[in-house]
Amino acid sequence: MKFTDGYWSKRKGVQAFYPTQVYDIVTSRDAFTVYAPTKPVLHRGDMVDSTVLTVEFSTPLPDVIRTKLTHMAGQPAQAPHFNLSTDGTTRAEICDADDAVSLTSDHLTVRVPRCAEAWRVDFIADDHLLTSSGLKGMGIIEVDDEHYIHEQLTLDIGECVYGLGERFTPFVKNGQVVDVWNRDGGTNSDQAYKNVPFYLTNRGYGIFVNHPEMVSFEIGSENVSRVQFSVAGHSLEYFVIYGPTPKEILEKYTALTGRPFLPPPWSFGLWLSTSFTTPYNEETVTSFIQGMAERDLPLHVFHFDCFWMKAYHWCDFTWDEQAFPDPAGMLHRLKERGLHISLWINPYIAQRSPLFAEGSQHGYLLKTPAGTPWQTNMWQPGMGIVDFTNPDARQWFTDKLDALLDMGADCFKTDFGERIPTDVVYHDGSDSLRMHNYYPYLYNQTVFELLRKRRGAGEAVVFARSATVGSQKFPVHWGGDCEASFAAMAESLRGGLSLGLSGFGFWSHDIGGFTGTPSAAIYKRWIAFGLLSSHSRLHGETSYRVPWLFDEESSDVLRQFTQLKCQLMPYIYAHALEAAQKGTPLMRAMLLEFPDDPACDYLDRQYMLGDSLLVAPVFSEQGSVTYYVPAGRWTNFLTGMVVEGPGWVHETHDFMSLPLLVRPNSVIAFGNRADRPDYDYGDGVTLHVYELADGKPVKTIIPSVTGEVAETFTISRDGQQITATCAGAAKRWQLLLVGMAAVASAENATIEHSPQGVLIIPLQESTQVQIWLDNES
């Protein structure tokens with residue numbers, strides 16, 4: 001929201017009050033408060049008919065500083081509030097000097113000069129200025145009878161802003177106006193399903209605005225050298241989070257707002273959907289699954305979309321008996337094939353659903369100020385919305401889902417949750433403006449907690465579309481409704497990378513696009529991208545997504561990349577564990593891994609899958625692709641071709657290929673199962689070793705399917721000697737020295753040659769092998 005008209009003027013009707021000086025500072029053990037008049041106090045008369053801004057500074061966690069601006073303090077704190085975690089033991093160092101007062105939390109300091117010529121607040125890390133709130137930075141705004149508070153923080157030259165949720169607009173947010181307000185707007189607009197009032201920059205810090213209601217960001221768009229954020233009301237609270245690396249910023253941000261639970265291994269496999277408005281029944285479903293089996297296409301999750309229920313009944317959580325006369329028997333037959341089952345749901349109750357009268361009678365639906373159920377015809381005729389602030393409504397809703405779990409469902413696609421009205425009354429008295437964005441948190445938390453209760457820790461997963469701060473705790477999230485085009489494929493990736501930089505560890509998208517029917521070329525290119533994503537689902541709107549409906553080669557492409565993902569699961573699941581433990585996303589913008597390479601600042605058509613695999617999806621039918629390679633000798637995982645960085649690379653790929661490059665000095669754990677994602681990752685694992693650097697050991701963990709570390713391998717090079725050591729239960733394992741033609745000898749192992757390099761096979765139960773290289777290696 002803009003309040004100025006250029007640099008010198010205000011917009012019509014705007015009155016602004018900015019702090020001009022420090023009048024008083026009150027310190028305590030771990031905090032300090034500044035009282036700042038908005039006009040110079042030269043004599044006692046200036047204290048009459050004046051406005052004072054109160055600014056409080058404290059620290060909830062190391063390297064995190066909380067700043068709260070207050071105008072009128074009598075306004076009650078209204079629910080809901082983001083669920084934030086603090087360690088309860090963080091102590092601040094307060095320095096109360098004659099010239100300034102400062103608070104230091106580990107490496108991060110906020111400093112307020114007492115007698116500066118102009119008002120100023122500096123955020124400093126290790127004696128380096130990160131950002132400042134200067135003249136006209138903090139502001140009290142009155143527009144007619146409406147009140148706002150804003151803050152403006154400086155942007156350095158070349159500073160880039162990222163995040164703010166899943167946004168499909170340009171990846172670098174500089175120059176954009178972003179209103180944090182959840183909307184059902186598809187992937188080709190500036191609206192977003194998942195709005196998060198958090199951004200980070202390439203200058204070592206992030207900003208989290210602690211408000212669930214609308215937060216308006218002007219990112220170098222009102223004042224080109226500042227980021228402004230504003231909220232309605234009389235107070236504004238934000239946190240400055242110091243990294244200094246982007247990974248460390250996310251680690252500290254997710255320590256504050258929550259980290260994702262670890263999804264089950266089976267959820268990383270291939271999901272196939274009925275699609276949305278396509279006709280389907282048990283015969284259709286069975287034919288799809290049988291067709292996949294006949295073509296040797298691994299399939300792990302089958303998803304039933306909206307029409308598993310009767311039309312106009314969404315949701316009644318009752319199967320359409322005409323299309324599915326024996327749902328329990330059908331699900332049993334599908335599960336005998338080794339499939340997991342996903343069912344579509346949403347938090348809306350159509351008027352024709354028997355649950356509408358039940359929910360209305362017991363007060364389980366959102367109400368109008370008059371006390372009647374709030375209703376709309378948008379989506380379903382006369383529908384109401386479940387009030388998840390009501391504990392009884394939550395129990396009522398999960399009781400319906402519980403019956404479906406008893407029948408054989410494993411998880412739910414928790415669709416919608418964005419179109420939440422603001423002219424409603426909540427059971428617990430929550431403010432409806434603050435609940436609009438927060439509603440998806442309660443919705444998905446309700447479903448996820450049921451799944452954890454019923455399926456156990458490590459087995460719960462949803463497929464969610466809407467989100468806010470903290471929703472990352474309930475994976476997985478997918479990108480929503482995208483068109484079946486190369487442009488939509490690219491915009492989906494932008495959204496996923498932005499979401500990953502907003503604290504979300506796991507993300508998916510509709511392979512082939514949702515709206516419309518993709519060409520065979522789009523479908524096949526999207527398959528490679530989709531199977532090299534966190535989670536992988538074939539889903540459409542008006543047409544099916546089984547490969548044989550596109551062309552014969554589509555089945556071959558799907559088979560290859562599904563099998564590849566299954567075999568990469570030891571590597572993928574190890575990084576999933578990292579996402580759950582540290583908040584680092586599985587799909588990573590290049591700047592996360594290469595923050596010191598300025599060429600990575602703007603890259604949004606490629607990404608890192610984990611820390612060692614570079615993926616550059618092909619966004620063209622003819623297969624041309626241009627991508628950037630950071631410094632070092634990178635090896636194409638599929639072809640073995642070496643690419644020397646730093647620099648740009650232009651290639652042409654057929655549909656069975658794409659740029660999938662391994663970072664130098666990396667070890668990729670490659671499993672022995674190509675048919676499923678959930679297996680014993682350590683049994684028969686092959687450790688692919690790439691460009692091992694002298695004196696730089698590489699540690700590789702092999703997780704169990706329950707999320708523990710089963711084995712840890714350490715591989716190091718000392719001159720012409722390579723040593724590989726296994727800590728943990730020694731199983732069948734082997735090393736592949738990729739790109740090497742020969743080695744001189746090996747101890748405790750046999751040597752074989754393969755087209756990819758030299759294969760080192762440890763003797764039975766060996767936990768350490770040593771390899772001596774030829775002088776030319």
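Trainee: Where does Arg337 lie?

Mentor: This is a predicted model, and in it Arg337 sits in the loop between α3 (327-336) and β24 (340-345).

Trainee: Is Arg337 buried, exposed or partly exposed?

Mentor: Arg337 counts as partly exposed, because its relative accessibility is 40% and that class lies between under 20% for buried and over 50% for exposed.

Trainee: Which residues does Arg337 touch, apart from its neighbours within four places in sequence?

Mentor: Ile289 and Gln290 are in contact with Arg337 once those neighbours are left aside. For a distance, take Ser508: from C-alpha to C-alpha, Arg337 and Ser508 are 24 Å apart in space, and they are 171 residues apart in sequence.

Trainee: Thr368 is also in a loop. Which elements are on either side of that loop?

Mentor: The loop with Thr368 runs between α4 (354-362) and β26 (384-385). Thr368 counts as buried, because its relative accessibility is 18%. Beyond its neighbours within four places in sequence, Thr368 has contacts with Pro373, Trp374, Asp423 and Val425.

Trainee: Now strands. How do I read the two faces of strand β22?

Mentor: In a regular strand, side chains alternate between the two faces of the sheet. In β22 (residues 270-273), Leu270 and Leu272 point one way, while Trp271 and Ser273 point the other way. All of these residues are buried.

Trainee: What does a strand with one covered face look like?

Mentor: Look at β16 (residues 177-180), where Val178 and Val180 form the covered face and Val177 and Asp179 the uncovered one. Strand β16 is joined to β19 (residues 215-219) by 4 bridges, and the two run antiparallel. Val180 has Val215 as its bridge partner in β19.

Trainee: Which strands pair with β22, and in which sense?

Mentor: Strands of a sheet pair through backbone hydrogen bonds, either parallel or antiparallel. β22 pairs with β31 (residues 536-538) in the parallel sense over 3 bridges, and Arg537 in β31 is the bridge partner of Trp271. β22 is also parallel to β23 (residues 301-304), again with 3 bridges, and there Ser273 has His303 as its partner. Between β22 and β23 the chain passes through helix α2 (residues 282-294), a right-handed β-α-β crossover.

Trainee: What is the strand order in the open sheet of 8 strands?

Mentor: The order is β4-β5-β6-β7-β21-β18-β17-β15, and the pairing is antiparallel. At the edges stand β4 (24-27) and β15 (161-165); each has a single partner strand, so one side of each is left without a neighbour in the sheet. From one strand to the next, the twist averages 20°.

Trainee: How many bridges join β5 to β6?

Mentor: There are 6 bridges between β5 (residues 32-37) and β6 (residues 52-61), which run antiparallel.

Trainee: Which strands does helix α1 lie across?

Mentor: Helix α1 (residues 246-257) lies across β6, β17 (195-201), β18 (205-209) and β21 (235-242), at about 145° to β17.

Trainee: Last, how do helices α9 and α10 pack?

Mentor: α9 (residues 552-567) and α10 (residues 569-582) pack at an angle of about 60°, with axes 5 Å apart. That angle makes α9 oblique to α10. On the α9 side, Lys565, Cys566 and Gln567 meet Met569, Pro570 and Ile572 of α10. By class, this contact has 4 nonpolar, 1 polar and 1 charged residues.

Notes
Residues numbered from 1 in each chain as written. Predicted model: local features only at pLDDT ≥ 70, side-chain atom pairs only at ≥ 80, totals over all residues. Heavy atoms only, no water. Axes fitted to C-alpha atoms, helices over the stretch in contact; angles between N-to-C directions. Parallel < 35°, antiparallel > 145°, perpendicular 65-115°, else oblique. Contact = heavy atoms within 4.5 Å. Nonpolar A, V, L, I, M, F, W, Y, C, P; charged D, E, K, R; others polar. Buried < 20%, exposed > 50% of the residue type's maximum accessible area, 1.4 Å probe, protein only. Pairing = 2+ DSSP bridges. Right-handed = clockwise from strand over helix to strand, strands pointing away.
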